[in-house]
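Please examine the sequence and the model shown below.

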Amino acid sequence: MTFKSKLMGAVAATAMLAGAQGAVAAGHGGEITVAYFLEWPMPFQFAKETGMYEEAMGGTKINWVSFDTGTAMSAAMASGDVQISVSQGVPPFVVAASAGQDIQIVDVAVSYSENDNCVVNASLEIDKDSAGELAGKKVAVPLGTAAHYGFLSQMNHFGVDVASLDVVDMAPAEGAAALAQGAVDMACGWGGALRRMKESGNILLTGAEKEALGILVFDATTAPANFIAEEGELLSQFLAVTAEANAMWADEANHAKMLPVIAKDAGMDEDATAETLAGFAFPTVEEQLSDAWLGGTAASFMKGVADVFVQSGSIDSALDSYEGTVNTAPLAAVN
């Protein structure tokens with residue numbers, strides 16, 4: 001199966017599921033399901049584990065379900081199994097929205113650049129000055145994710161034809177294992193899996209170098225449009241708690257009490273959790289609503305991501321504009 005057909009299969013499945021999206025929000029009966037990632041520590045997990053969400057949301061029961069990829073989150077939202085996804089990567093969101101799924105971004109969950117990257121097997125001794133030697137190599141990439149977009153953008157920067165590579169679709173944890181075993185020459189991923197990848201090789205570009213090239217990396221809180229329309233107040237309450245947890249973490253005086261809770265929920269030790277969080281930025285509500293983020297740049301950035309995917313043959317077409325996929329009303333109500 002080719003690189004394109006594998007991704008298009010995932011896109012087609014997402015599009016089919018999009019039709020099953022209706023009437024879930026209204027019928028949640030005081031209970032919602034929220035998707036998140038393990039090994040991806042964030043301040044919201046302190047609020048998750050200490051009951052802050054339920055208290056602020058009038059006792060609404062929250063079922064927290066962990067996922068491996070943002071594409072799986074899209075599918076779960078399409079089927080109605082998930083009402084809110086925390087920290088979904090922008091690329092998988094763009095893939096789903098481009099395929100016709102009616103989902104929207106409601107807040108910037110986290111901004112990061114060092115925590116999502118590609119790692120080349122150390123035995124190859126390939127760095128940014130010799131990246132052209134990657135031609136013909138086998139690469140593990142979680143298709144339709146932030147890591148996928150970063151991979152395509154880096155290969156474009158280095159002038160490496162993606163068609164010359166043997167690209168295999170692997171979740172980050174699988175890619176890390178394959179890289180360690182020498183089954184692939186390069187692997188792309190994030191979080192704990194990326195740390196394990198680095199034990200087997202080296203990155204080509206640092207986070208700062210990627211940002212300088214316009215390769216931004218951020219995740220968003222997303223939800224089906226019908227849920228946002230019907231449960232906007234509930235969603236605002238959820239986002240308010242997330243913002244409160246972020247503000248708590250911004251004060252280092254709270255780290256001692258928050259870190260152990262976050263680490264345990266993330267399934268990580270405290271040192272790895274602290275190291276990961278040090279590379280994360282959590283924009284304030286005001287910052288998120290500004291032109292730098294949801295007030296303008298986010299939509300144009302998504303258009304850029306979509307165009308890269310179209311150019312690479314990963315998706316057939318992009319939306320004319322992604323402004324309609326950003327809904328700031330619930331977040332604006334937090335202020």
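Which helices each supply at least two residues of the lining of the largest pocket? They are helix 6 (146-158) and helix 15 (297-311).

## Basis of the report

This is a predicted model, in which local features need pLDDT of at least 70 and side-chain atom pairs count only at pLDDT 80 or more, while totals for chains, interfaces and linings use all residues. Residues are numbered from 1 along each chain as its sequence is written, and side-chain values use heavy atoms, with hydrogens and water left out.

Helices (H or I, at least four residues) and strands (E, at least two) are DSSP runs, numbered from the N terminus.

## Pockets

Rolling a probe the size of a water molecule over the atoms shows where empty space is left. On a 1 Å grid over the protein atoms alone, a pocket is an open set of points with protein on both sides within 12 Å along at least five of seven lines, a cavity is a set where a 1.4 Å probe fits but cannot get out, and lining residues have an atom within 4 Å of a point. Grid points are joined across faces, edges and corners, and a volume is the space filled by probe spheres set on the points.

The largest pocket holds about 320 Å³ of space. Its lining has 17 residues, and Leu-152, Ser-153, Asn-156, Val-308 and Gln-311 are the closest to its centre. Helix 6 gives the largest share of this lining, 6 residues. By class, the lining divides into 9 nonpolar, 7 polar and 1 charged; here Ala, Val, Leu, Ile, Met, Phe, Trp, Tyr, Cys and Pro count as nonpolar, Asp, Glu, Lys and Arg as charged, and the others, Gly among them, as polar.

The second largest pocket has about 210 Å³ of space. Of its 14 lining residues, Leu-38, Glu-39, Asp-68, Ala-173 and Trp-190 lie nearest its centre. Strand 2 (61-67), helix 7 (172-181) and helix 8 (191-198) are the elements that give two or more residues to this lining. Its residues comprise 8 nonpolar, 2 polar and 4 charged.

## Cavities

Residues that line the largest cavity include Phe-37, Trp-40, Tyr-112, Asp-116, Trp-190 and Asp-219. Its lining has 6 nonpolar, 4 polar and 2 charged residues.

## The disulfide

There is 1 disulfide (a pair of cysteine sulfur atoms within 2.5 Å) in the structure. Cys-118 is joined to Cys-188, with an S to S distance of 2.1 Å. Cys-118 lies in strand 5 (residues 116-121) and Cys-188 in strand 8 (residues 186-190), so the pair ties together parts that are 70 residues apart in sequence. The link is right-handed, with 105° about the S-S bond.

Buried means under 20% relative accessible area, exposed over 50%, and partly exposed in between (1.4 Å probe, protein chains only). Cys-118 counts as buried because its relative accessibility is 2%, and Cys-188 is buried at 1%.

## Helices and backbone angles

Helix 11 (residues 232-250) has 19 residues and should span 27 Å at 1.5 Å a residue, which agrees with the 27 Å between its end C-alpha atoms. The expected span is 1.5 Å times one less than the number of residues. In helix 4 (residues 70-79), the buried residues include Gly-70, Met-73 and Met-77. Gly-80, which follows helix 4, has a positive phi near 90°.

Glu-39 is not a glycine, yet has a positive phi of about 55°. Glu-39 is found in the loop between strand 1 (31-37) and helix 2 (44-50), and is partly exposed at 26% relative accessible area. Glu-125 also has a positive phi, near 55°. Glu-125 is placed in the loop between strand 5 and strand 6 (138-141), and is exposed at 68%.
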